[in-house]
Amino acid sequence: MEEPYLFFVKFFEMIGLGHFAHAYPHVIYSWVVMAILILFGWLAGKNTQLVPTGVQNVFELLVSGLEEFMIEVTGEEGRWLSPLTSTVFIYILVCNLLGLIPGFYTPTANLNTTLSIALVVVPFTHVIGIKYHGIKYIKHFLGPVWWMVPLIMPIEIIGHVARILSLSFRLFGNMMGHELVTGILLFLAGAFLAPLPIMVLGIFVALVQAFVFYLLSVMYFAGAIEEAH
(Lines give C-alpha, C1' and ligand atoms only; values in the text may rest on other atoms or scores of the structure.)
Protein backbone atom coordinates (compact mmCIF):
# COMPACT_ATOMS: atom_id res chain seq x y z
CA MET A 1 0.00 0.00 0.00
CA GLU A 2 1.51 3.31 -1.08
CA GLU A 3 1.36 6.69 0.57
CA PRO A 4 -0.97 9.13 -1.25
CA TYR A 5 2.01 11.38 -1.92
CA LEU A 6 5.50 9.98 -2.50
CA PHE A 7 8.20 12.64 -2.82
CA PHE A 8 10.56 10.76 -5.10
CA VAL A 9 7.75 9.48 -7.31
CA LYS A 10 6.70 13.10 -7.85
CA PHE A 11 10.31 14.01 -8.55
CA PHE A 12 10.55 11.32 -11.24
CA GLU A 13 7.29 12.61 -12.72
CA MET A 14 8.90 16.05 -13.03
CA ILE A 15 11.82 14.64 -15.03
CA GLY A 16 9.56 12.59 -17.31
CA LEU A 17 9.94 9.18 -15.66
CA GLY A 18 6.59 9.10 -13.88
CA HIS A 19 5.47 5.82 -15.46
CA PHE A 20 8.56 4.00 -14.19
CA ALA A 21 8.27 5.59 -10.74
CA HIS A 22 4.60 4.61 -10.34
CA ALA A 23 5.26 1.06 -11.57
CA TYR A 24 8.37 0.49 -9.43
CA PRO A 25 8.30 2.69 -6.31
CA HIS A 26 10.15 -0.05 -4.41
CA VAL A 27 13.07 0.32 -6.81
CA ILE A 28 13.13 4.09 -6.44
CA TYR A 29 13.11 3.91 -2.65
CA SER A 30 15.67 1.10 -2.63
CA TRP A 31 17.94 3.56 -4.42
CA VAL A 32 17.10 6.12 -1.74
CA VAL A 33 18.12 3.64 0.97
CA MET A 34 21.37 2.91 -0.87
CA ALA A 35 22.10 6.63 -1.14
CA ILE A 36 21.44 7.08 2.60
CA LEU A 37 23.78 4.22 3.51
CA ILE A 38 26.49 5.45 1.16
CA LEU A 39 26.22 8.96 2.61
CA PHE A 40 26.41 7.81 6.23
CA GLY A 41 29.18 5.36 5.37
CA TRP A 42 31.14 8.21 3.82
CA LEU A 43 30.52 10.43 6.85
CA ALA A 44 31.60 7.62 9.19
CA GLY A 45 34.84 7.02 7.29
CA LYS A 46 35.64 10.60 6.29
CA ASN A 47 37.63 11.48 9.39
CA THR A 48 38.25 8.22 11.19
CA GLN A 49 39.71 8.61 14.67
CA LEU A 50 41.23 6.23 17.18
CA VAL A 51 38.56 7.30 19.66
CA PRO A 52 35.38 7.31 17.52
CA THR A 53 32.80 10.06 17.77
CA GLY A 54 29.53 10.92 16.05
CA VAL A 55 28.53 8.81 13.06
CA GLN A 56 31.75 6.78 13.25
CA ASN A 57 30.92 5.79 16.82
CA VAL A 58 27.39 4.67 15.89
CA PHE A 59 28.58 2.62 12.93
CA GLU A 60 31.43 1.01 14.87
CA LEU A 61 29.11 0.00 17.71
CA LEU A 62 26.56 -1.42 15.28
CA VAL A 63 28.99 -3.25 13.02
CA SER A 64 31.16 -4.60 15.85
CA GLY A 65 28.05 -5.84 17.69
CA LEU A 66 26.81 -7.66 14.60
CA GLU A 67 30.26 -9.12 13.97
CA GLU A 68 30.57 -10.40 17.54
CA PHE A 69 27.15 -12.03 17.29
CA MET A 70 28.17 -13.66 14.01
CA ILE A 71 31.34 -15.08 15.56
CA GLU A 72 29.44 -16.39 18.60
CA VAL A 73 27.16 -18.40 16.31
CA THR A 74 29.59 -19.55 13.60
CA GLY A 75 32.94 -19.37 15.38
CA GLU A 76 35.99 -17.51 14.17
CA GLU A 77 35.62 -19.14 10.74
CA GLY A 78 32.51 -17.07 10.10
CA ARG A 79 34.14 -13.68 10.62
CA TRP A 80 34.63 -13.15 6.88
CA LEU A 81 30.86 -13.49 6.38
CA SER A 82 30.05 -10.64 8.76
CA PRO A 83 30.21 -7.88 6.09
CA LEU A 84 27.44 -9.61 4.13
CA THR A 85 25.16 -10.37 7.08
CA SER A 86 25.71 -6.92 8.60
CA THR A 87 24.87 -5.27 5.27
CA VAL A 88 21.69 -7.34 5.04
CA PHE A 89 20.64 -6.27 8.55
CA ILE A 90 21.39 -2.57 8.09
CA TYR A 91 19.83 -2.41 4.62
CA ILE A 92 16.61 -4.12 5.73
CA LEU A 93 16.39 -2.01 8.88
CA VAL A 94 16.69 1.25 6.96
CA CYS A 95 14.18 0.00 4.34
CA ASN A 96 11.73 -0.88 7.11
CA LEU A 97 12.12 2.44 8.90
CA LEU A 98 11.92 4.54 5.75
CA GLY A 99 8.19 3.95 5.38
CA LEU A 100 7.51 5.56 8.76
CA ILE A 101 8.44 8.94 7.27
CA PRO A 102 5.46 10.63 5.55
CA GLY A 103 6.00 10.80 1.81
CA PHE A 104 8.34 7.80 1.77
CA TYR A 105 7.75 4.18 0.81
CA THR A 106 8.91 0.96 2.51
CA PRO A 107 10.84 -1.04 -0.13
CA THR A 108 10.52 -4.23 1.93
CA ALA A 109 6.71 -3.97 1.69
CA ASN A 110 7.18 -5.22 -1.88
CA LEU A 111 7.84 -8.92 -2.50
CA ASN A 112 10.36 -8.17 -5.25
CA THR A 113 12.67 -6.47 -2.74
CA THR A 114 12.51 -9.21 -0.11
CA LEU A 115 12.87 -11.93 -2.73
CA SER A 116 15.99 -10.28 -4.17
CA ILE A 117 17.64 -10.26 -0.71
CA ALA A 118 16.68 -13.89 -0.10
CA LEU A 119 18.13 -14.84 -3.50
CA VAL A 120 21.46 -13.44 -2.35
CA VAL A 121 21.50 -15.11 1.06
CA VAL A 122 20.23 -18.64 0.36
CA PRO A 123 22.29 -19.51 -2.76
CA PHE A 124 25.37 -18.07 -1.05
CA THR A 125 24.78 -20.61 1.73
CA HIS A 126 25.74 -23.33 -0.77
CA VAL A 127 28.77 -21.38 -1.96
CA ILE A 128 29.95 -21.39 1.67
CA GLY A 129 29.24 -25.11 1.98
CA ILE A 130 31.26 -25.95 -1.13
CA LYS A 131 34.08 -23.65 0.00
CA TYR A 132 34.44 -25.45 3.33
CA HIS A 133 33.62 -29.04 2.36
CA GLY A 134 34.08 -29.34 -1.39
CA ILE A 135 32.18 -32.23 -2.95
CA LYS A 136 31.54 -33.61 0.56
CA TYR A 137 29.02 -30.80 1.04
CA ILE A 138 26.48 -33.08 -0.63
CA LYS A 139 26.41 -35.06 2.64
CA HIS A 140 24.25 -32.25 4.06
CA PHE A 141 21.49 -33.47 1.75
CA LEU A 142 21.86 -37.26 2.10
CA GLY A 143 20.83 -38.01 5.66
CA PRO A 144 22.53 -40.19 8.30
CA VAL A 145 22.31 -43.58 6.49
CA TRP A 146 22.62 -44.47 2.80
CA TRP A 147 19.30 -46.27 2.46
CA MET A 148 17.39 -43.12 3.47
CA VAL A 149 18.93 -41.02 0.69
CA PRO A 150 15.93 -41.37 -1.72
CA LEU A 151 13.68 -39.98 1.06
CA ILE A 152 15.94 -37.42 2.73
CA MET A 153 17.49 -35.79 -0.36
CA PRO A 154 14.20 -34.53 -1.92
CA ILE A 155 13.07 -33.28 1.49
CA GLU A 156 16.36 -31.40 2.00
CA ILE A 157 16.20 -29.85 -1.48
CA ILE A 158 12.59 -28.74 -0.94
CA GLY A 159 13.57 -27.37 2.46
CA HIS A 160 16.39 -25.27 1.03
CA VAL A 161 14.13 -23.87 -1.70
CA ALA A 162 11.52 -23.15 0.95
CA ARG A 163 14.08 -21.00 2.78
CA ILE A 164 13.86 -18.49 -0.07
CA LEU A 165 10.08 -18.35 0.19
CA SER A 166 10.16 -18.21 3.98
CA LEU A 167 12.63 -15.31 4.14
CA SER A 168 10.82 -13.41 1.38
CA PHE A 169 7.22 -13.79 2.53
CA ARG A 170 7.89 -13.34 6.26
CA LEU A 171 9.52 -9.94 5.81
CA PHE A 172 7.15 -8.86 3.03
CA GLY A 173 4.03 -9.96 4.93
CA ASN A 174 4.95 -8.19 8.15
CA MET A 175 5.93 -4.92 6.49
CA MET A 176 2.96 -4.92 4.12
CA GLY A 177 0.64 -5.69 7.04
CA HIS A 178 1.99 -2.73 8.98
CA GLU A 179 1.59 -0.48 5.93
CA LEU A 180 -2.03 -1.59 5.49
CA VAL A 181 -2.96 -1.06 9.14
CA THR A 182 -1.34 2.37 9.20
CA GLY A 183 -3.04 3.35 5.93
CA ILE A 184 -6.47 2.22 7.13
CA LEU A 185 -6.15 4.09 10.44
CA LEU A 186 -4.91 7.17 8.62
CA PHE A 187 -7.94 7.04 6.31
CA LEU A 188 -10.48 6.42 9.09
CA ALA A 189 -9.14 8.52 11.94
CA GLY A 190 -6.09 10.39 10.75
CA ALA A 191 -7.38 13.66 12.15
CA PHE A 192 -7.43 12.11 15.63
CA LEU A 193 -3.83 10.89 15.41
CA ALA A 194 -4.98 7.26 15.61
CA PRO A 195 -2.09 5.99 13.45
CA LEU A 196 0.56 7.32 15.86
CA PRO A 197 0.63 4.29 18.22
CA ILE A 198 0.90 1.95 15.21
CA MET A 199 3.71 4.07 13.76
CA VAL A 200 5.58 3.91 17.08
CA LEU A 201 5.04 0.15 17.13
CA GLY A 202 6.35 0.15 13.57
CA ILE A 203 9.82 1.05 14.85
CA PHE A 204 9.81 -2.11 16.95
CA VAL A 205 8.46 -4.19 14.05
CA ALA A 206 11.13 -2.78 11.72
CA LEU A 207 13.92 -3.72 14.13
CA VAL A 208 12.55 -7.19 14.90
CA GLN A 209 11.99 -8.12 11.25
CA ALA A 210 15.47 -6.94 10.25
CA PHE A 211 16.98 -8.97 13.09
CA VAL A 212 14.93 -12.10 12.26
CA PHE A 213 16.14 -12.01 8.64
CA TYR A 214 19.70 -11.42 9.85
CA LEU A 215 19.50 -14.21 12.45
CA LEU A 216 18.17 -16.77 9.98
CA SER A 217 20.90 -15.80 7.50
CA VAL A 218 23.54 -16.34 10.18
CA MET A 219 22.02 -19.71 11.12
CA TYR A 220 21.97 -20.84 7.49
CA PHE A 221 25.62 -19.86 7.07
CA ALA A 222 26.58 -21.63 10.31
CA GLY A 223 24.82 -24.77 9.10
CA ALA A 224 26.77 -24.70 5.84
CA ILE A 225 30.09 -24.30 7.70
CA GLU A 226 29.61 -27.17 10.14
CA GLU A 227 30.25 -30.79 9.23
CA ALA A 228 27.31 -32.93 8.11
CA HIS A 229 26.14 -35.49 10.64
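How much space lies in the largest cavity? I looked this up before anything else. About 30 Å³ of space lies there.

**Ground rules**

I am working with a predicted model, where local features need pLDDT of at least 70, side-chain atom pairs count only at pLDDT 80 or more, and totals for chains, interfaces and linings use all residues. Residues are numbered from 1 along each chain as its sequence is written, and side-chain values use heavy atoms, with hydrogens and water left out.

**Entry 1: the cavity**

I noted what the word means. On a 1 Å grid over the protein atoms alone, a cavity is a set of points where a 1.4 Å probe fits but cannot get out. Lining residues have an atom within 4 Å of a point. A volume is the space filled by probe spheres set on the points, and the points are joined across faces, edges and corners.

I searched the whole structure and found 1 cavity of 30 Å³ or more. Its lining is Leu167, Arg170, Leu171, Gln209, Val212 and Phe213. The elements giving two or more residues to this lining are α7 (149-189) and α8 (195-225). Helices here are DSSP runs (H or I, at least four residues), numbered from the N terminus. I sorted the cavity lining by class and got 4 nonpolar, 1 polar and 1 charged residues. For the classes, Ala, Val, Leu, Ile, Met, Phe, Trp, Tyr, Cys and Pro count as nonpolar, Asp, Glu, Lys and Arg as charged, and the others, Gly among them, as polar.

**Entry 2: a pocket**

A pocket is an open set of points with protein on both sides within 12 Å along at least five of seven lines. I looked up the second largest pocket, which holds about 230 Å³ of space. Ile36, Leu37, Phe40, Val55, Val58, Phe59, Leu62, Ile90, Leu93, Val94 and Leu97 line this pocket. Two or more of the lining residues come from each of α3 (25-46), α4 (54-74) and α5 (82-98).

**Entry 3: salt bridges**

Side chains of opposite charge can pair when their charged atoms come close. I used this cut-off: a side-chain nitrogen of Lys or Arg within 4 Å of a carboxyl oxygen of Asp or Glu. The whole structure has 3 salt bridges.

Glu13 and Lys10 form one of them, at 3.9 Å from N to O. Why are Glu13 and Lys10 separated by about one helical turn? They are so placed because they are 3 residues apart in helix α1. Glu13 is partly exposed at 33% relative accessibility. Buried means under 20% relative accessible area, exposed over 50%, and partly exposed in between (1.4 Å probe, protein chains only).

Next I checked Arg79. The Arg79 side chain meets that of Glu67 in a salt bridge (3.2 Å, N to O). Arg79 lies in the loop between α4 and α5, and Glu67 in helix α4, so the pair ties together parts that are 12 residues apart in sequence. Arg79 also forms a salt bridge with Glu76, with the closest N and O atoms 2.5 Å apart. Shared partners join Glu67, Glu76 and Arg79 into one network.

Is Glu76 buried or exposed? Glu76 counts as exposed, at 52% relative accessibility. Arg79 is partly exposed, at 35%. Glu67 is partly exposed too, at 26%.
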